[in-house]
Amino acid sequence: MTHRFPTLVNGRPAAGLSVSDRGLMYGDGVFRTIRVHQGRPVWWAAHMAKLASDAERLAIPAPPPDVWDRDLSTLLASTPPDCVLKLVLTRGPGMRGYRPAGQAMPTRLLTASAWPAHIEAVAARGAHLQLCRLRLSEQPRLAGIKHLNRLENVLAAQEWDDPSIDEGLLLDAAGRVICGVSSNVFIYRDDALFTPRLDRCGVAGVARARLIGVAADLKLAVHETDIHLDQLLEADEVMLTNSLIRIWPVARLGGRTWDGPRVSAELRTLLDAQGAAGHLEKPAARPGCRVGRCSLTRLTVHGPTAAPADERRR
Ligand SMILES: Cc1ncc(COP(=O)(O)O)c(C=O)c1O
């Protein structure tokens, strides 16, 4: 039987929004997509913090977390234990024109949908990536924010209709790897993780931050840096992150294939253990956990903003 998923607008069951809502008119808002697993929203506190900081950057007054907590309890009372939550916060209804006038009356939207069945299967076999033709444009004022203006992603996602492709890879105009169409990207090589800087464009996802945290616990160096396509193709492993997939190892991009990624699989297990720990923000690293060629717990910490070993294309 198909489940009927509820929608809450400002805490009440509702079917629609004001036609003058600035989220609809201008994409003037932010959002979050959250995994609900066994009845619990995974990384809830981190999502609340990210929503609040994204809203602050757009000067949208964010409701306090207890308001979202109440909405969440109402919604979860009528959803299956495993599903997807979407939270949207807009600046609310407004008069015509870009300039927000008067006191904002933000709109909160909470919806749920079915858990996508393919996620674990793709995690097990590895994701098939396609390089998108669309190039992301730079806007440092918006970089990192998960705002509602996602037309680049909408265009990019229409570049393939081959059902064997799981995700598109996006570069910026200078040919730097930025992200997947709906995910962040990491590469693993030289016993370290590298992930694109997101200060010019891209979304700084919660799963990305959680993976950086897990790596720090393991003393596995993470470098936020410029990554060019040939560096990604030369990597020992490539992985994608978002709050639903957690980590997908990449198995294929064009003619390049990666077999049996071990580090990605190990990190995914650790990230999931962190999600299962619920309120525990920082689980202890498992001593002796082995990934790649060496024990992660014995690696040197370089810090997340240190320069990469290979600077040749910067
Ligand atoms: C463009 C983009 N980047 C990154 C992410 C990852 O965000 P998060 O880890 O917060 O789910 C998403 C998630 O949907 C996304 O759409």
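These legends accompany close-up views of a predicted model.

**View 1. The chain as a whole.** The predicted chain holds eight helices and 17 strands. Of its 314 residues, 38% count as buried. Contacts between residues at least 6 apart in sequence were also sorted by separation: 74% of them join residues at least 24 apart.

**View 2. An open sheet of six strands.** The strands run in the order S2-S1-S6-S5-S3-S4, and their pairing is antiparallel. Strand S2 (12-13) and S4 are the edge strands, each pairing on one side only. Strands of a sheet pair through backbone hydrogen bonds, either parallel or antiparallel.

**View 3. The S3-S4 pairing and the helices on the sheet.** Strand S3 (residues 29-37) is joined to S4 by two bridges, in the antiparallel sense. Here His-37 stands opposite Arg-40 in S4. H2 packs on the sheet and touches S3, S4 and S5. The direction of H2 makes about 175 degrees with that of S3. H3 also packs on the sheet, where its contacts are S1, S4, S5 and S6. The direction of H3 makes about 35 degrees with that of S6.

View 4. H3 spans residues 65-76, twelve residues in total. From first C-alpha to last it reaches 16 Å, close to the 16 Å expected at 1.5 Å a residue. Trp-68, Asp-71, Leu-72 and Leu-75 are buried. These four cover an arc of only 105 degrees around the axis, so they lie on the same side of H3. Asp-66 and Ser-73, on the other side, are exposed.

**View 5. The crossing of H6 and H8.** Helix H6 covers residues 206-217, and helix H8 covers residues 262-276. Their axes come within 10 Å and cross at roughly 105 degrees. H6 is therefore roughly perpendicular to H8. On the H6 side, the meeting residues are Arg-210, Leu-211 and Val-214. Facing them in H8 are Leu-267, Leu-270, Leu-271 and Gln-274.

Key:
Residues are numbered from 1 along each chain as its sequence is written. This is a predicted model: local features need pLDDT of at least 70, side-chain atom pairs count only at pLDDT 80 or more; totals for chains, interfaces and linings use all residues. The expected span of a helix is 1.5 Å times one less than its number of residues. A residue is buried if 20 or more other C-beta atoms lie within 10 Å of its own, exposed if 12 or fewer, and partly exposed in between; C-beta atoms are placed from the backbone. The arc is that of the directions from the helix axis to the C-beta atoms. Two strands pair if DSSP finds at least two bridges between them. Two residues are in contact if their C-beta atoms, placed from the backbone, lie within 7 Å. Axes are lines fitted to C-alpha atoms, for helices over the stretch in contact, and angles run from 0 to 180 degrees between N-to-C directions. Angles under 35 degrees count as roughly parallel, over 145 as roughly antiparallel, 65 to 115 as roughly perpendicular and the rest as oblique.
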